Amino acid sequence: MSHIQKIHQAVSKRVGKVIVGKERVTDLAVIALLCGGHMLIDDVPGTGKTVLAKTFASALSLDFKRVQCVPDMLPSDLVGVNFFDMKASEFRFIKGPVFTNILLADEINRAMPKTQSGLLECMEEHQVTVEGVTYPLSEPFMVIATQNPVETKGTFDLPEAQLDRFLIKTTMGYPSHEENVEILSRKLKPLDPKEQTDAVLDAAVIKKAQRELSEIYVHPDLLSYAASICEETRYGKNVVLGASPRAMISLIRVAQGYAGLDGRDHVLPDDIKKAAVPTLSHRIVFQNMFFKNGDPGADLILQILEQTPVPSEQIDFCRR
């Protein structure tokens with residue numbers, strides 16, 4: 001069994017004990033971490049977003065910090081600030097919450113754009129620059145951000161540059177009736193404190209899994225297939241901004257992640273199809289977005305997947 005599968009199975013088992021029926025979101029979280037990317041969860045309150053992030057971090061024995069984003073939050077509240085130490089007569093840097101492994105930015109759209117921009121360097125470069133001095137972040141580093149798509153009072157839309165930093169955007173979704181019954185049943189049972197605190201993996205295993213994922217083979221025809229999908233997003237109806245080259249790279253990385261979860265050392269067309277919506281939909285900007293219902297980006301991606309020719313199944317995708 002590969003290190004990727006070990007992490008996937010361990011995290012899925014641990015998260016499954018706490019949250020019911022969120023295997024798809026758990027898979028995406030594992031892929032985002034192993035790709036060195038970040039995840040945005042766009043859903044209503046009470047669906048388990050915060051619990052997922054906390055359980056995910058504890059299962060991997062990673063440091064976890066949570067910030068509740070509010071309009072009066074400053075960038076220094078995230079990255080840190082230089083503090084003048086009167087006793088030592090010198091400035092001392094006090095690290096902010098971004099100096100962790102898993103950072104949960106709760107309701108990120110409640111922070112002002114100036115504060116949101118404080119995460120740009122952190123998410124892309126895995127470092128923080130304060131007054132000309134650069135401080136590296138801990139590795140691995142991942143931002144799990146949440147936002148409420150319904151309530152708009154006191155919120156600020158994430159700019160396109162910020163959205164493009166998120167490898168994946170997804171939703172938790174409401175549970176089914178059977179899952180609701182299971183949730184209620186679990187709440188009536190006493191929790192085992194040991195199950196909540198015992199970690200199952202560590203950072204060393206994650207680094208090995210990240211190397212394994214980067215070595216998963218992608219056939220040239222699949223590279224062309226992924227490029228075609230991204231190119232088509234730029235010519236969709238009423239599209240102002242399509243998928244960027246960063247989005248195209250992200251699509252391949254997430255497809256490698258899906259292949260790794262299945263225990264394969266090569267990517268298949270279905271991996272790219274599964275990765276397309278969570279990787280690309282949030283990066284597409286339409287005209288009059290305010291008046292559009294649902295997820296127009298996802299609708300466009302699904303339409304493109306139906307129209308784009310898939311590489312022949314006769315191709316040996318694992319050939320080197």
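Helices (H or I, at least four residues) and strands (E, at least two) are DSSP runs, numbered from the N terminus. The views below show a predicted model, in which local features need pLDDT of at least 70, side-chain atom pairs count only at pLDDT 80 or more, and totals for chains, interfaces and linings use all residues. Residues are numbered from 1 along each chain as its sequence is written, and side-chain values use heavy atoms, with hydrogens and water left out.

**View 1. Helix H3 and the residue that follows.** Helix H3 spans residues 49-59. Just after H3, serine 61 takes a positive phi of about 55°. The buried residues of the helix (under 20% relative accessible area, where exposed means over 50% and partly exposed in between, with a 1.4 Å probe and protein chains only) are Lys49, Leu52, Ala53, Thr55, Phe56, Ala57 and Ala59. These buried residues pack against helix H1 (3-18), H2, S1, S2, S5 and S8, where contact means heavy atoms within 4.5 Å.

View 2. Five strands form an open sheet in the order S2-S5-S8-S1-S9, with parallel pairing; two strands count as paired if DSSP finds at least two bridges between them. S2 and S9 are the edge strands, each pairing on one side only. On average, neighbouring strands of this sheet are turned by 15° against each other, direction ignored. Axes are lines fitted to C-alpha atoms, for helices over the stretch in contact, and angles run from 0 to 180 degrees between N-to-C directions. S1 pairs with strand S8 (residues 142-147) in the parallel sense over four bridges, and glutamine 147 in S8 is the bridge partner of aspartate 42. Helix H2 (residues 23-34) packs on the sheet, where it touches S1, S5, S8 and S9, and its direction makes about 165° with that of S9. Helix H3 also packs on the sheet, touching S1, S2, S5 and S8, with a direction at about 170° to that of S5.

**View 3. Salt bridge between aspartate 42 and lysine 169.** The structure holds nine salt bridges, each defined as a side-chain nitrogen of Lys or Arg within 4 Å of a carboxyl oxygen of Asp or Glu. In one of them, aspartate 42 pairs with lysine 169, the closest N and O atoms being 3.6 Å apart. Aspartate 42 lies in strand S1 (residues 39-42) and lysine 169 in strand S9 (residues 168-170), so the pair ties together parts that are 127 residues apart in sequence. Aspartate 42 is buried, at 14% relative accessible area, whereas lysine 169 is partly exposed, at 24%.

**View 4. Salt bridge between arginine 66 and aspartate 106.** The side chains of arginine 66 and aspartate 106 meet in a salt bridge of 2.9 Å, N to O. This pair links distant parts of the chain, with arginine 66 in strand S2 (residues 64-68) and aspartate 106 in strand S5 (residues 102-106), 40 residues apart. Arginine 66 is partly exposed, with a relative accessible area of 42%; aspartate 106 is buried, with 7%.

View 5. Glutamate 124 forms a salt bridge with arginine 246, and the closest N and O atoms are 3.6 Å apart. Because glutamate 124 lies in helix H6 (residues 120-125) and arginine 246 in helix H12 (residues 245-261), the pair ties together parts that are 122 residues apart in sequence. Both residues are partly exposed, glutamate 124 at 35% relative accessible area and arginine 246 at 28%. Salt bridges that share partners join Glu124, Asp164, Arg165, Arg246 and Arg283 into one network.

**View 6. The hairpin of S6 and S7.** Strand S6 (residues 127-130) and strand S7 (residues 133-136) run antiparallel and are joined by four bridges. Tyrosine 135 in S7 is the bridge partner of valine 128. The hairpin has two residues between the strands, and glutamate 131 takes a positive phi near 55° there.

**View 7. Surroundings of glycine 257.** Glycine 257 is located in helix H12 and is buried, with a relative accessible area of 1%. Leaving aside neighbours within four places in sequence, glycine 257 is in contact with Ile31 and Leu213. Glycine 257 and proline 220 are 37 residues apart in sequence and 18 Å apart in space, C-alpha to C-alpha.
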